[in-house]
Amino acid sequence: MGIGIAKLSQRTNLWPWLLLTPLALYMAVFFLVPLIDVAIMSVTEPRPTLANYQRVLTGSLYLRVFLNTFITAAVVTFACLLVGYPLAYLMASSKPRTATLILLLVTMSFWTSFLVRTYAWMVLLGNNGPIIWFLQALGMQQSPQLLFTRFSSTLAMVHILAPYMVMNIYSVMRKIDPVLIRSAESLGAKGLALFRHVYLPLTAPGIANGSVLVFVICLGFYVTPVLLGSPREQMVAGLIGNQIDEFLAFGMGSAMAMVLLVVTLAILTVYHRRFGLDKLWG
Amino acid sequence: MNRFLRWLGIAVVIFIAAPLVIVVPMSFSNARSLQFPPPGYWLGYYQAYFTDWSWLRPTWNSILIATATTVLTMALVVPATFALVRHRFRGKGIADLMMLMPLAVPHIVMAVGYYSYFGSFGIVHTHLGVILAHTCLSVPIAFLVLSANLKGFDRTLERAALSLGASPTRTFIHITLPILRPGLIISALFAFIQSFDETVVAIFISGRNAETLPRKMFDSIRQEADPVIAVISTLLFAAVILGVTAPLVVARIRNKRARLAAA
Amino acid sequence: MSYLKLSGISKSYGQFNALEAVDLDIAKGEFVTFLGPSGSGKTTTLMIIAGFESATSGQVEIENRSLFGLAPHQRNIGIVFQNYGLFPHKTAAQNVYFPLQMRGVKKAPGLRKAEEMLELVGLKDFGHRHPKELSGGQQQRVALARALVFEPSLLLLDEPLGALDKNLREQMQIEIKRIQRALGVTTIFVTHDQSEAMSMSDRIVVFEKGHIQQVASPLELYHRPQTRFVAGFIGESNLIDVKITDAAKGEARNGAIGPIDYAVSDRASTGSEATLMIRPEHIKLSRNPVGGRQNVRMKVETIVNYGDNALVVGKVGDHTMRVRVLGADVVIIQENEECCISWQRDSVYLIAK
């Protein structure tokens with residue numbers, strides 16, 4: 001009988017592997033291998049050297065693009081926080097009906113294609129768009145160039161990524177016990193002090209979640225910067241695209257892709273150690 | 001402080017809503033290029049979209065690719081999720097992480113990889129290539145949704161079915177699957193949307209033959225900003241409104257019915 | 001005549017022994033309760049009988065046929081789970097029909113039988129509702145009907161009343177008992193609630209730390225517990241550790257209380273250590289010693305009034321004693337006063353170490 005049970009448990013241990021194998025194989029062949037292919041190309045194209053990395057990491061053009069990408073990602077993240085925090089607060093402090101309506105709006109924005117939202121900003125900021133029209137109605141003679149600048153692509157990215165921030169912060173705010181705030185008030189915390197010492201620390205996990213997510217997505221953002229940004233102030237993803245699309249420089253493109261990948265994974269690994277990755281998209 | 005945050009919140013609501021709403025009047029505009037407010041209104045660009053093969057073909061491609069991606073994703077993810085949620089075994093932590101990895105890799109990196117890798121098989125610029133690539137990107141999303149559902153599944157129900165004389169297979173068919181159905185549907189829907197909306201990989205590997213709608217839109221916005229884009233945007237936005245509000249409406253009707261029954 | 005027979009059931013998880021050599025015989029039609037604190041092994045035993053856990057060693061037999069190697073769905077055992085396990089996507093009637101469906105019963109007669117069963121548990125006209133549209137008590141009844149409709153050879157109830165409030169629980173105790181009698185199905189009921197066990201069972205099996213402590217009828221268990229654990233777990237009791245001074249005469253001695261006489265028993269010999277049990281309701285409270293009883297003086301510390309009765313807690317020397325008195329009797333005494341407590345020798349029950 002003892003042997004029978006041992007056999008049974010062995011069989012039950014095989015079962016999960018059987019279920020997992022098709023996906024594991026698939027991911028190995030169609031996800032890992034292409035990724036490894038990028039790594040290989042970065043040191044073999046056009047010749048097997050480390051020259052690509054040398055150029056990417058020392059060439060002033062490339063460094064400027066990386067720097068620009070980082071700054072843009074940081075600005076977008078910060079702006080998303082400025083936009084997202086009050087909105088999450090508005091939702092958490094409104095009546096359920098209002099909160100649902102705002103949540104509905106945020107969800108709709110979230111699910112609307114990046115392209116659609118990018119296009120909408122093109123309309124809004126265009127030379128014949130409502131903002132220029134409004135500025136002219138105010139009497140501004142020389143209307144400024146809004147489209148195809150760093151301003152327009154940053155603004156659109158903030159709009160596109162804000163829902164990630166809002167949802168992360170809101171999910172934390174919603175769980176804050178109002179009694180906690182009331183008891184803090186009864187202990188004499190008011191206004192800014194209440195916010196700084198009670199509310200802000202309580203919502204910090206949501207802020208961290210949202211910020212990491214927005215920052216990481218922004219680092220690798222392709223569509224919006226390419227369509228709305230200034231061609232002279234590219235971000236990394238756009239530059240990688242150029243290398244592949246226009247110059248067929250797979251080596252350079254791959255080397256930049258690897259740097260982008262390593263930076264992204266490094267940020268996420270640090271985050272994973274502290275909070276666990278599965279929480280990020282949950 | 002409260003009031004300040006509140007007003008800021010309202011301003012943000014407008015900031016979020018305005019770009020979504022503006023595409024709707026644009027789609028009825030009769031202007032040849034981007035112009036707001038529109039000089040006049042007509043349905044011409046809707047007609048243009050529904051008759052122009054250079055728009056309909058990418059739409060059809062996208063539907064085809066997203067459908068195939070969904071089927072493939074679910075076929076791979078459903079058994080794997082059962083393994084990962086319901087069993088403990090060595091290497092599970094790594095397997096869990098592998099499932100989520102595609103979310104962590106920027107799409108432009110994958111695009112470079114697929115462009116070269118699929119090129120060596122000759123499946124770049126084919127439907128198959130896009131489907132295979134999109135499936136990798138849909139897997140983590142389908143997995144996240146499904147595993148959350150499966151974790152919440154009360155296994156007493158399966159034990160109850162077994163004790164009532166249902167074999168493990170019949171328990172799965174009669175109890176497990178029907179109860180998980182909403183989770184499966186949402187999971188599949190997310191996989192579909194992920195593929196349907198995916199732009200970056202499609203730009204690089206779908207080519208002319210398998211051109212998807214997002215790729216066509218991207219090219220069009222980049223080159224001339226064809227007003228038909230406003231039409232497609234409006235249609236996509238309408239689909240989102242429908243998709244987001246429908247569950248709420250259904251839930252409300254169900255609640256009302258349950259309350260009536262209980263009364 | 002044994003109907004269900006457990007022999008030498010053991011279950012261990014690695015080093016930890018959840019069950020050790022459990023033997024038990026249950027007669028046909030009997031209502032037996034497994035009683036014990038959580039982690040005592042009662043639920044593990046139930047799950048082994050149901051086939052959801054496999055024993056490390058031992059046998060389960062029903063009518064002399066071993067259940068070994070039978071999967072849960074082949075055992076024909078009805079179970080009511082703690083949270084009922086009703087299928088949310090099926091109506092009450094469909095839930096009850098499910099076991100019949102699995103046994104190849106056609107839909108029309110099957111649903112008719114399900115409705116009959118629902119009527120038996122007092123849910124006529126509720127068949128079309130989904131579990132969500134039923135109250136806790138009603139869900140409980142559906143689960144019971146579902147576990148009984150296929151005429152199982154055994155009914156297992158796994159703490160089914162835990163989720164209900166007190167009034168409903170008492171009502172369901174009576175209901176379950178009524179239905180079980182009506183159908184004559186052999187039933188095992190698992191609970192950690194001793195009053196539930198006392199009120200429902202033909203026999204109670206007391207579990208502790210993977211062992212069966214005692215198997216007996218409720219009254220037997222109450223009046224003649226075999227171990228200190230049972231005495232403490234079933235009802236309230238004063239347990240006094242003593243040394244037997246004369247086993248033949250029934251005399252013992254406790255350091256704080258002094259000499260105590262007990263009902264003579266051969267479970268302990270002179271000079272051995274033992275425990276005496278006196279139920280609080282067998283102790284009388286008075287101002288002065290009462291003739292014909294053993295009297296000791298107690299300093300009252302706390303009086304808890306329940307209206308119709310009161311619990312008086314006090315100290316005899318440094319030994320805490322609990323006395324249950326009728327409400328009217330408590331007026332003679334106040335907290336921090338000294339009084340007399342007394343009992344009859346027959347009320348002092350000896351538990352061997």
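The C-alpha centres of domain 1 and domain 2 of chain C lie 39 Å apart, the domain bounds being taken from an automatic or database domain assignment. This is a predicted model, in which local features need pLDDT of at least 70 and side-chain atom pairs count only at pLDDT 80 or more, while totals for chains, interfaces and linings use all residues. Residues are numbered from 1 along each chain as its sequence is written, and chains are lettered from A and ligands numbered from 1 in the order in which they are written.

**Domains of chain C**

- Chain C is divided into domain 1, covering 4–229, and domain 2, covering 236–352.
- Four residues from domain 1 of chain C and five residues from domain 2 of chain C make up the contact between them, where two residues are in contact if their C-beta atoms, placed from the backbone, lie within 7 Å.
- On the side of domain 1 of chain C that touches domain 2 of chain C, one residue is nonpolar, one is polar and two are charged; Ala, Val, Leu, Ile, Met, Phe, Trp, Tyr, Cys and Pro count as nonpolar, Asp, Glu, Lys and Arg as charged, and the others, Gly among them, as polar.

- Not counting residues up to four places away in sequence, Ala111(B) touches Val200(B), Val201(B), Phe204(B) and Ile205(B).

**The six-stranded sheet of chain C**

- An open sheet of six strands in chain C has the order β6-β7-β8-β3-β9-β10, with mixed pairing; strands are DSSP runs of E of at least two residues and helices are runs of H or I of at least four, numbered from the N terminus, and two strands pair if DSSP finds at least two bridges between them.
- The edge strands of this sheet are β6 (77–80) and β10 (211–216) of chain C, each of which pairs on one side only.
- Strands β7 (residues 154–158) and β8 (residues 187–191) of chain C pair in the parallel sense over four bridges, and Asp158(C) has Val190(C) in β8(C) as its bridge partner.

**The five-stranded sheet of chain C**

- Five strands of chain C form an open sheet in the order β13-β12-β11-β14-β20, and the pairing is antiparallel.
- Strands β13 (258–261) and β20 (349–352) of chain C stand at the edges with a single partner strand each, so one side of each is left without a neighbour in the sheet.
- Strand β11 (residues 238–246) of chain C runs antiparallel to strand β12 (residues 251–254) of chain C, with three bridges joining them, and Lys243(C) stands opposite Arg253(C) in β12(C).
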